[in-house]
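Trainee: I am new to this structure. Please take a close look at one part for me: the aromatic pairs.

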Amino acid sequence: MEGRLHIFDGDGLKHYRLVHESQANPNTRGGGEEKRCKALYNMLYNGNLQVEDTGYVKIFEFVDGATITGKAPDGTEVKISNSIMTNQGRLFAYTQTATVENGTYRFVVPYSTLGPIPDETNFDTRPIGPYTITSEDVSKTVDVAEQDVLDDGTVTVDMV
């Protein structure tokens, strides 16, 4: 889980979102280990992780997550993605993939695209725009409210 959070920034996780990261500090004890881990992952798994030092400390928050669901052609693959900007100005991709069963797909996402709720939630790492959902040759965008992320709200986007 530590690797999924720190090395992969929580990519694909449904209930954890990065809310803040410290500056990178590769000069501390073990500080260069992140680059080595990413390079090794890329080599062994033909990955495409950017080999960089990211925040030495990353703070994640557990949320219920918002459910995004809809209709799509049975048996197809649906992908959801967004670009997340950290408080350090670093951009990373958040993605999930689902296979359509019985004509329906479903994602649970941890990031709201409409920002925090004034006087209630506060975070300085957030998506730079709406989520993009892609199924075959159809792409649609969708915004997700913070209240939906906190309370397991549902947003429907049909791909057919």
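**Aromatic pairs**

Mentor: Start with Tyr41, which counts as partly exposed at 29% relative accessibility. Buried means under 20% relative accessible area, exposed means over 50%, and partly exposed lies in between (1.4 Å probe, protein chains only). The model is predicted: local features need pLDDT of at least 70, side-chain atom pairs count only at pLDDT 80 or more, and totals for chains, interfaces and linings use all residues. Residues are numbered from 1 along each chain as its sequence is written, and side-chain values use heavy atoms, leaving out hydrogens and water.

Searching the whole structure gives five aromatic pairs. Rings of Phe, Tyr and Trp (its six-membered ring) pair if their centres lie within 6.5 Å; planes under 30 degrees apart are stacked, over 60 edge-to-face, the rest tilted. Helices (H or I, at least four residues) and strands (E, at least two) are DSSP runs, numbered from the N terminus. Phe8 is partly exposed, at 26%.

Next come Tyr16 and Phe62, also edge-to-face, with centres 5.4 Å apart and planes at 75°. Tyr16 belongs to strand β1 and Phe62 to strand β2 (residues 58–62), so the pair links parts 46 residues apart in sequence. Tyr16 is partly exposed at 27%. Phe62 is exposed at 52%.

Back to Phe8 and Tyr41: with Tyr45, they form one aromatic cluster.
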